[in-house]
Amino acid sequence: MDGIVTEVAVGVKRGSDELLSGSVLNSPNSNMSGMVVTANGNDSKKFKGEDKMDGAPSRVLHIRKLPGEVTETEVIALGLPFGKVTNILMLKGKNQAFLELATEEAAITMVNYYSAVTPHLRNQPIYIQYSNHKELKTDNTLNQRAQVVLQAVTAVQTANTPLSGTTVSESAVTPAQSPVLRIIIDNMYYPVTLDVLHQIFSKFGAVLKIITFTKNNQFQALLQYGDPVNAQQAKLALDGQNIYNACCTLRIDFSKLVNLNVKYNNDKSRDYTRPDLPSGDGQPAIDPAIAAAFAKETSLLAVPGALSPLAIPNAAAAAAAAAAGRVGMPGVSAGGNTVLLVSNLNEEMVTPQSLFTLFGVYGDVQRVKILYNKKDSALIQMADGNQSQLAMNHLNGQKMYGKIIRVTLSKHQTVQLPREGLDDQGLTKDFGNSPLHRFKKPGSKNFQNIFPPSATLHLSNIPPSVAEEDLRTLFANTGGTVKAFKFFQDHKMALLQMATVEEAIQALIDLHNYNLGENHHLRVSFSKSTI
């Protein structure tokens, strides 16, 4: 650490043996020579030796490209789903921060998750990587605001209190009710998994069992507490609340059942009192790593200033969803911008229909306009802000017709249709009434099967007469190589793996809704599985 100089409040410069104030990052292999930290916490920090993306794992994470007005609470909330946050240092003038987690394991989980799902703060993408430093040493008097926030968060983390803003009077609790709650989720724009429910409802007491199922096209769950009082408190606090901003609304009633009989521990049902239960035939067993992650101290917290209505950091719910193999996005209000600007398109090849098909994987595309004066760019209007955010997160940087496309939120509120009688060469198309929208039905299973573009495709609605060879030939004709194929047991669905993600994107554009005969139109989506 030779050569680090700290400027203390009175302006006296001291050598590295006397680093008593200022904020210093501690590391045996530090390359931070030339860092100057001022004791008054202003923005004149000279910061050299930026951390490298491929650094060795560390429990200290370096966060870059933060929006200028971002608060300590928002940065801490990024780390909470993964474990205890033990320290934070904001470098506001540099739009950077250092976040220290309690364990290296928690930091690795966090980096892995956010490498798959770009984190956003205030609608701006930010970047997270391992720091070269193994520990964060901060002077609490200088880093006072951050320490106050951390203490508040830790207090919530350790106290098993209801979520903030929920006061339950003793008289309102009538133990005569059942300990089992029936939960229905409305407006399910993001997948809600058994683990997400466990995280939320555990705030009110020990959750013993959960069973999830789809009924009348709606995702539902039965959840059993050890004590009816806990069920009453959870119902009072959570009924009508949203899990993510503006969607996934909880509707909660008491069940007529007083005890749940769980036969299998998997992603559909769980008995937390009996970890020895089998996963069940054909059911995916719960990954031990996921089970371990949820056993850790990752309770969802009521963090001051957190963005979502349940006061759960959006990242926490997203991480819970991701850990169960789904990818949920940090919540964006459904009233957010619905129009995307897509640029660097292959103007020779792209059509409104091809954009409708690809972007339709992540939401219901309403209108598409390829720009008349700039045919390598297009405006795409989604059904709501959640869908536009989802499409942007998943498709920005992907290859379409050989070119890496850029997807950003547009300043336009709607896509204008051409005036009647005006020929715009078919560059604008209205898909508002398309029968091909995947997410029209509330609670549709499609909400639970939204995955990033991948080389493996999920095929469904295959008629009995179509064989593996037919499908291999069909997909090879899109210009790619079919690497692997596997029918599901009923032969109505299959997994098919192309050589690259780009080839899979091309195949999906060409063959989703392809007529296979016998009134069967092929449905194609990206899969999280590999063959």
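**Overall picture**

Reply: The protein exposes about 23,700 Å², and carbon and sulfur atoms supply 50% of that area. Accessible areas come from the Shrake-Rupley method with a 1.4 Å probe, and for residues only the protein chains shown count as cover. This is a predicted model: local features need pLDDT of at least 70, side-chain atom pairs count only at pLDDT 80 or more, and totals for chains, interfaces and linings use all residues. Residues are numbered from 1 along each chain as its sequence is written, and side-chain values use heavy atoms, with hydrogens and water left out.

Me: How many helices and strands does the protein have?
Reply: Helices (H or I, at least four residues) and strands (E, at least two) are DSSP runs, numbered from the N terminus. By that count the protein has eleven helices and 28 strands.

Me: What percentage of the 531 residues is buried?
Reply: Buried means under 20% relative accessible area, exposed over 50%, and partly exposed in between (1.4 Å probe, protein chains only). Of the 531 residues in the protein, the buried share is 51%.

Me: Among contacts between residues at least 6 apart in sequence, what share joins residues at least 24 apart?
Reply: Contact means heavy atoms within 4.5 Å. Of the contacts in question, the share joining residues at least 24 apart is 70%.

**Cores**

Me: Which residues touch the most other members of the largest nonpolar core?
Reply: A nonpolar core is a set of buried Ala, Val, Leu, Ile, Met, Phe, Trp, Tyr and Cys residues joined through side-chain atoms within 4.5 Å. The largest one holds 80 residues. Its largest share, six residues, comes from helix H11 (residues 501-511). The members that touch the most others are Phe201, Phe359 and Phe475.

Me: Which strands stand at the edges of the six-strand open sheet?
Reply: The sheet order is S15-S16-S12-S14-S13-S17, and the pairing is antiparallel. Two strands pair if DSSP finds at least two bridges between them. Each edge strand has a single partner, so one side of it is left without a neighbour in the sheet. The edges are strand S15 (242-244) and strand S17 (269-271).

Me: What is the bridge partner of isoleucine 184 in S16?
Reply: Strand S12 (residues 180-186) and strand S16 (residues 247-254) run antiparallel and are joined by six bridges. In S16, isoleucine 184 is partnered by arginine 251.

Me: At what angle does helix H5 run to S16?
Reply: Axes are lines fitted to C-alpha atoms, for helices over the stretch in contact, and angles run from 0 to 180 degrees between N-to-C directions. Helix H5 (residues 228-238) lies across S12, strand S14 (218-225) and S16. Its angle to S16 is about 140°.

**Helix H9**

Me: Why is helix H9 largely enclosed, and what covers it?
Reply: Eleven of the eleven residues of helix H9 (residues 385-395) are buried, so the helix is largely enclosed by the rest of the structure. The cover includes strand S8 (120-121), S16, strand S18 (339-343), helix H8 (352-359), strand S20 (378-382) and strand S23 (406-409).

Me: Which side chain reaches the backbone nitrogen of asparagine 386?
Reply: A polar contact is a pair of N or O atoms within 3.5 Å; within protein, one must be able to donate a hydrogen and the other to accept it, and residues adjacent in sequence count only if both atoms are side-chain atoms. At the start of H9, a side-chain oxygen comes to within 2.9 Å of that nitrogen. The oxygen belongs to aspartate 384.

**Single residues**

Me: Which backbone nitrogen does the side chain of glutamate 74 reach?
Reply: Glutamate 74 is found in helix H1 (residues 72-79). Its relative accessible area is 8%, so glutamate 74 is buried. Its side chain reaches, at 3.0 Å, the backbone nitrogen of threonine 71.

Me: Is serine 434 buried or exposed?
Reply: Serine 434 is found in the loop between strand S24 (428-430) and strand S25 (456-460). Its side chain reaches the backbone nitrogen of leucine 436 at 3.0 Å. At 9% relative accessibility, serine 434 counts as buried.

Me: What is the phi of tyrosine 401?
Reply: Most residues other than glycine have a negative phi. Tyrosine 401 lies in the loop between strand S21 (399-400) and strand S22 (403-404). Although tyrosine 401 is not a glycine, its phi is positive, about 50°.
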